[in-house]
Amino acid sequence: MLPTLSHEEILRYSRHLLIPDVGLEGQRKLKSSAVLVIGTGGLGSPVALYLAAAGIGRIGLVDYDVVDTSNLQRQVIHGTANIDKLKVDSARERMLDLNPDIQVDVYNEPFTSENAVGIAKNYDLLIDGTDNFPTRYLTNDVSVMLGIPNIYGSIFRFDGQVSVFDAQKGPCYRCLFPEPPPPGLVPSCAEGGVLGVLPGTIGTLQATEALKVLLGIGEPLIGKLLLYNALDMSFDFVKLRKNPKCKVCSAEPEITELIDYEAFCGVPSYDHDEGAVGGGWDITAVDLAERLKTGDHIRLIDVREPHELEISHLDGANLIPLGEMAGRMSELDSAEDIVLVCKSGTRSARALELLASAGFRKMKNLKGGINAWARDVDSSLPVY
Amino acid sequence: MPKMRIPSPLRTYADGQSEVVVSGRNAGEAMNDLTEQYPALRPHLFNGDGQLRPFVNLFLNEENIRDLQGPDTPIKESDNLILIPSIAGGKGTRA
């Protein structure tokens with residue numbers, strides 16, 4: 001039995017009720033539906049807002065992060081007043097303001113192999129609004145194993161991808177990408193940047209697909225991948241087919257329970273210790289400042305992109321962007337003390353690993369990057 | 001000549017080009033031509049055995065070459081090739 005709508009709800013959803021494809025029955029279907037939004041960031045913001053407005057009866061939000069000023073360029077569900085608040089609480093507040101008739105469940109925790117099934121099993125649809133490969137593969141595998149469709153979206157700079165992965169009717173994410181890239185080969189938005197409106201476009205498309213799947217109308221992007229490029233304003237579609245050898249969704253899957261996704265992808269899914277290598281390879285901004293002050297000879301290597309130097313730079317640092325490091329190691333002397341620097345310590349950690357594999361030993365990673373330097377040593381520099 | 005579309009994550013390694021004209025009778029030759037024009041792309045597209053990496057797909061018009069004849073898939077002058085790598089962005093943690 002579908003739930004009924006109050007007079008107030010009939011007024012609220014009148015523009016839906018006027019569409020024959022939705023109508024009263026469709027709106028009641030939406031009210032009886034439950035959708036889990038994994039990540040309340042760039043993609044999750046428009047998804048959660050539009051699903052709340054559309055009257056999805058119950059919406060779950062999974063995120064462990066707090067709202068940061070640098071989020072607000074694109075994460076429009078949050079506001080300046082909610083900086084430092086939990087993202088799930090900030091999002092919930094905004095959604096209930098938009099539509100007090102819905103229920104919003106919050107999970108203030110990382111989505112992991114331990115909790116994923118317990119959380120996801122209570123929903124009809126999963127929305128992939130994640131920003132890293134481990135959580136993306138986890139979301140896919142949970143979707144396949146529980147038979148819950150996964151509305152996929154991903155972004156980078158000016159490019160976006162959207163699809164509906166429903167392994168009962170078509171391919172899954174692993175059919176297209178059986179394995180993740182090795183760490184460092186594909187930059188994240190935190191390192192490579194993203195046009196703020198891009199997740200708005202892609203997330204809105206995900207919300208559209210979610211409503212279509214729940215209402216059973218139109219042609220969802222099952223077996224199709226949408227490729228969007230904002231600069232060219234191009235929308236291309238390609239066909240996706242089920243991989244008969246897919247390790248998760250084929251007839252005889254190799255993987256039948258959730259695995260260790262961080263080990264599978266070789267990267268953490270959340271910030272265990274942001275911008276650090278560990279194992280004695282790190283140096284804090286304060287310690288580096290102390291060593292430079294005492295006149296230690298240290299070769300500072302900045303591995304960011306050239307245009308980032310305009311934002312902030314360390315005096316005396318030489319630029320070797322991470323992408324060029326493999327080909328420019330000969331410019332470095334392994335006998336010298338080297339400190340590697342980037343924005344937040346992630347790219348410099350990768351540069352350190354590259355150099356370590358080439359035999360370099362006398363080097364350190366500036367933990368937390370030049371942003372940590374700006375916070376702890378030189379407040380005349382901006383944090384970005 | 002067939003054209004190959006380069007998505008933004010890979011443009012850094014192709015002098016910022018969004019589209020490159022490639023030559024070759026099949027998909028494998030077209031990829032080789034692309035990486036001869038832009039050698040920095042090679043490690044991002046192929047593994048040590050010269051196989052297309054599992055997180056990169058090459059589509060011929062609408063079809064994945066893995067669903068056709070792989071690198072032996074014939075290509076025509078008017079064909080459009082699209083490279084599709086996996087991208088991870090979406091949420092945006094503090095960084």
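Mentor: Two strands pair if DSSP finds at least two bridges between them. Helices (H or I, at least four residues) and strands (E, at least two) are DSSP runs, numbered from the N terminus. The model is predicted: local features need pLDDT of at least 70, side-chain atom pairs count only at pLDDT 80 or more, and totals for chains, interfaces and linings use all residues. Residues are numbered from 1 along each chain as its sequence is written, while chains are lettered from A and ligands numbered from 1 in the order in which they are written.

Trainee: In which sense do E4(A) and E5(A) pair, and over how many bridges?

Mentor: E4(A) and E5(A) are paired in the parallel sense, over three bridges. Within E5(A), A:Asn150 is the bridge partner of A:Leu126.

Trainee: And what about strand E1 of chain A and E4(A)?

Mentor: Strand E1 (residues 34–38) of chain A pairs with E4(A) in the parallel sense too, over four bridges. There, A:Leu36 has A:Leu126 as its bridge partner in E4(A).

Trainee: What does A:Ile127 touch?

Mentor: Two residues are in contact if their C-beta atoms, placed from the backbone, lie within 7 Å. Not counting residues up to four places away in sequence, A:Ile127 touches A:Val35, A:Leu36, A:Val37, A:Ile38, A:Val47, A:Ile151, A:Gln206 and A:Ala210.

Trainee: How many residues does the largest nonpolar core have?

Mentor: A nonpolar core is a set of buried Ala, Val, Leu, Ile, Met, Phe, Trp, Tyr and Cys residues joined through C-beta atoms within 7 Å. The largest one has 93 residues, and those with the most contacts inside it are A:Ala48, A:Leu51, A:Ile59, A:Ile127 and A:Ala210. H10(A) contributes the largest share of this core, nine residues. Another core, of 22 residues, lies apart from it; A:Val303, A:Ala317, A:Cys342 and A:Met363 are among them.

Trainee: Is A:Ile202 buried or exposed?

Mentor: A:Ile202 is buried, because 28 other C-beta atoms lie within 10 Å. This residue lies in helix H10 (residues 198–215) of chain A. Leaving aside residues up to four places away in sequence, A:Ile202 touches A:Leu43, A:Gly153, A:Ile155, A:Gly160, A:Val162 and A:Tyr228.

Trainee: Against which helices do the buried residues of H3(A) pack?

Mentor: They pack against helix H2 (14–17), helix H4 (44–54) and H10 of chain A. The buried residues of helix H3 (residues 23–31) of chain A are A:Gly26, A:Gln27, A:Lys29, A:Leu30 and A:Lys31.

Trainee: Changing topic, what is the strand order in the open sheet of five strands?

Mentor: The order is E9-E13-E12-E10-E11 (chain A), with parallel pairing. Strand E9 (282–283) and strand E11 (318–319) of chain A are at the edges; each has a single partner strand, so one side of each is left without a neighbour in the sheet. E9(A) pairs with strand E13 (residues 363–366) of chain A over two bridges, and A:Leu366 in E13(A) is the bridge partner of A:Ile283.

Trainee: Into which domains is chain A divided?

Mentor: Chain A is divided into domain 1 (33–265) and domain 2 (282–376); such bounds come from an automatic or database domain assignment. Their C-alpha centres lie 34 Å apart.

Trainee: How many helices and strands are there in chain B?

Mentor: Chain B has three helices and five strands, running β-α-β-α-α-β-β-β from the N terminus on. Chain A has 15 helices and 13 strands. Of the 95 residues of chain B, 42% count as buried; of the 384 residues of chain A, 46% do.

Trainee: Finally, how many residues does each chain give to the contact?

Mentor: Chain A gives 50 residues and chain B gives 26 residues. Helix H7 (133–146), strand E5 (150–156), strand E6 (159–165), helix H9 (189–192) and strand E8 (234–239) of chain A each supply at least two residues of the side of chain A that touches chain B.

Key
Buried ≥ 20, exposed ≤ 12 C-beta atoms within 10 Å, placed from the backbone.
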